[in-house]
Amino acid sequence: MSKPVVLIAEELSPATVEALGPDFEIRSVDGTDRVALLEALSDADAVLIRSATKMDAEAIAASPKLRVIARAGVGLDNVDIKAATQAGVMVVNAPTSNIISAAELTIGHILSLARHIPAGNASLSAGEWKRSKYTGTELYEKTIGIIGLGRIGALITARLQAFGTTIIAYDPYVTSARAQQLGVQLVSLDELLERADFVTIHMPRTPETLGMIGDDQLALMKKSAYVVNVARGGLIDEDALYRALTTGTIAGAGLDVFVTEPPLESPLISLDNVVVTPHLGASTDEAQEKAGVSVARSVRLALSGELVPDAVNVAGGVIDPYVRPGIPLLEKLGQVFSGLAKNSPITSVDVEIRGELVDYDVSVLKLAALKGIFTNIVSENVSYVNAPLLAEQRGIEVRLLTDAGSEDYRNVLTLRGALADGSQISVAGTLTGPKQIEKIVGINGYDVEVPLAQHLIVMIYEDRPGIVAVYGREFGEAGINIAGMQIARTTAGGSALSVLTVDSPVPDGILESVRAAIDADVMQAIDITEA
């Protein structure tokens, strides 16, 4: 019997090939040569790529035997995950390969800003000797503000504490117990910006975090303060940052990522008080080798039919076909769940499976739920292997509960949780009909039946006449088109819940306007990323 074909489309370390072992036929191709790539994919069982090879819908369609796409790195912008999922092709990456490299680059940017190292180097290289021009500042006894206390934030914390600094952090999803364990004081975003001498941001790029540091936030910072971003382009409003840097609002910035890359037209790269690097967060020999070895191991697992923890679109392994449709459903319910939690840390989560599914191994559904919960609230890519670790790091107690009884639907999948402020939240979903339509069937104890959509709005308010007309008018005037709606209530005149599906994301300002207009207790927009 012939060996499975593993195609290596970009240069990878010898350790990557070694990790694949002798059980595969290893072939190589230049992934940037489109014609050669498509031809080589025709009988490949797996393909290993980095950032240059485009595994889009055309490439996937040209790969009838393909079972796994392995990206030796973190980003997946060059992989059409939706097309891969539809074709039954697993996509894997190396989510933890670069976290140390990213943390160390952050430290490098902070030190470069504090001691003017790049400018001093450029000056001396130009034949100048201007010691007094580059007088810097010590990190000792300075306050460092970390926005996003995930794994990279925790690594930065440990390293900067050795400099004798005070670490404060803003992360709405981290409990005080976890922060205390790290030796970090949790504060509000405004307080962090006001107090910190150096601010470094480590958040995912989502509609909520895009441009989260703008004119208003930069105005809160000390004139002597610096801001660093090695996480995602767009977290800092680049126009606002340019204004702050050129007017003396803040002292300087360190940037490794940009909205447009390469940022050749950006005025930021020419400023004297900015240190820039060309997206080097994962660019170390160690990170590249870790990434290659990690995905090689995932390819071995995938082609042998075992569970692949780092799969980003399907769980892989021996999962019953009856259970498999529940995986993307629970990932999406997890995103709704974390959206309902908003700015209060989650302290416990119950993943409850009711109905016929309990006759099968449903342990993967717990992983899918956690993956969904963390998808939009941590900076690193979330997978089946690191999702439980992320919960453990945040002190979140997680249980999988099963019950064969399900009165209204064949199967119901529910997430229930407690928040640090003492409140409880829940979201339930099911799959209906021959097409297995994904639906939300419950939110916080209210019974609804709403097809899952990319953009949702959840409102809870006092039931009274005219409310629908009020929020319908408000959203209409703001250009937000309502595609679907359902209302549930406890009793007439009591508390009511509305769930809307809309065609576009809803800005916070519009949400606040509608909340005030109807005096809502809960007003939350939730944007769902495709599982």
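1. A word on the model. This is a predicted model, in which local features need pLDDT of at least 70 and side-chain atom pairs count only at pLDDT 80 or more, while totals for chains, interfaces and linings use all residues. Residues are numbered from 1 along each chain as its sequence is written, and side-chain values use heavy atoms, with hydrogens and water left out.

2. Domains. The chain is divided into domain 1 (5–96 + 286–304), domain 2 (98–276), domain 3 (315–452) and domain 4 (454–530); these bounds come from an automatic or database domain assignment. Between the C-alpha centres of domain 1 and domain 4 there are 43 Å.

3. The parallel sheet. An open sheet is built from 7 strands in the order β8-β7-β6-β9-β10-β11-β12, with parallel pairing. β8 (185–186) and β12 (274–276) each have a single partner strand and stand at the edges, so one side of each is left without a neighbour in the sheet. For the terms: strands (E, at least two residues) and helices (H or I, at least four) are DSSP runs numbered from the N terminus, and two strands pair if DSSP finds at least two bridges between them. Within this sheet, β6 (residues 143–147) and β7 (residues 166–170) are parallel partners over 5 bridges; isoleucine 146 has alanine 169 in β7 as its bridge partner.

4. Helices on the sheet. Helix α5 (residues 99–115) lies across β9 (198–201), β10 (226–229), β11 (252–255) and β12, and runs at about 155° to β10. Helix α11 (residues 238–246) also packs on the sheet, where it touches β10, β11 and β12, and its direction makes about 140° with that of β11. Axes here are lines fitted to C-alpha atoms, for helices over the stretch in contact, with angles from 0 to 180 degrees between N-to-C directions; contact means heavy atoms within 4.5 Å.

5. A closer look at α11. Which residues of α11 are buried? They are Ala240, Leu241, Ala244 and Leu245. Seen down the axis of α11, these buried residues fall within an arc of 130°, so they line one face of the helix; the arc is that of the directions from the helix axis to the C-beta atoms. Buried means under 20% relative accessible area, exposed over 50%, and partly exposed in between (1.4 Å probe, protein chains only). The spacing makes sense, because an α-helix has 3.6 residues a turn, so residues three or four places apart point the same way. The buried residues of α11 pack against α10 (215–220), β10, β11 and β12. Just after α11 comes glycine 248, with a positive phi of about 80°.

6. Backbone spots to check by eye. Most residues other than glycine have a negative phi, and most peptide bonds are trans. Histidine 116, not a glycine, has a positive phi of about 55°; it sits in the loop between α5 and α6 (117–125) and counts as partly exposed at 25% relative accessibility. Glutamate 141, also not a glycine, has a positive phi of about 65°; its place is the loop between α6 and β6, and at 58% relative accessibility it counts as exposed. A cis peptide bond, with omega about 0°, joins glutamate 261 and proline 262, and proline 262 is in the loop between β11 and β12.

7. β15 (residues 411–419) and β16 run antiparallel and are joined by 6 bridges. They form a hairpin with 4 residues between them, and glycine 422 in the turn has a positive phi of about 95°. β16 also pairs with β17 (residues 437–443), in the antiparallel sense over 6 bridges, and glycine 429 has isoleucine 440 in β17 as its bridge partner. The hairpin of β16 and β17 has 4 residues between the strands, and there glycine 433 takes a positive phi near 75°. In β16 (residues 424–432), 7 of the 9 residues are buried, so the strand is largely enclosed by the rest of the structure.
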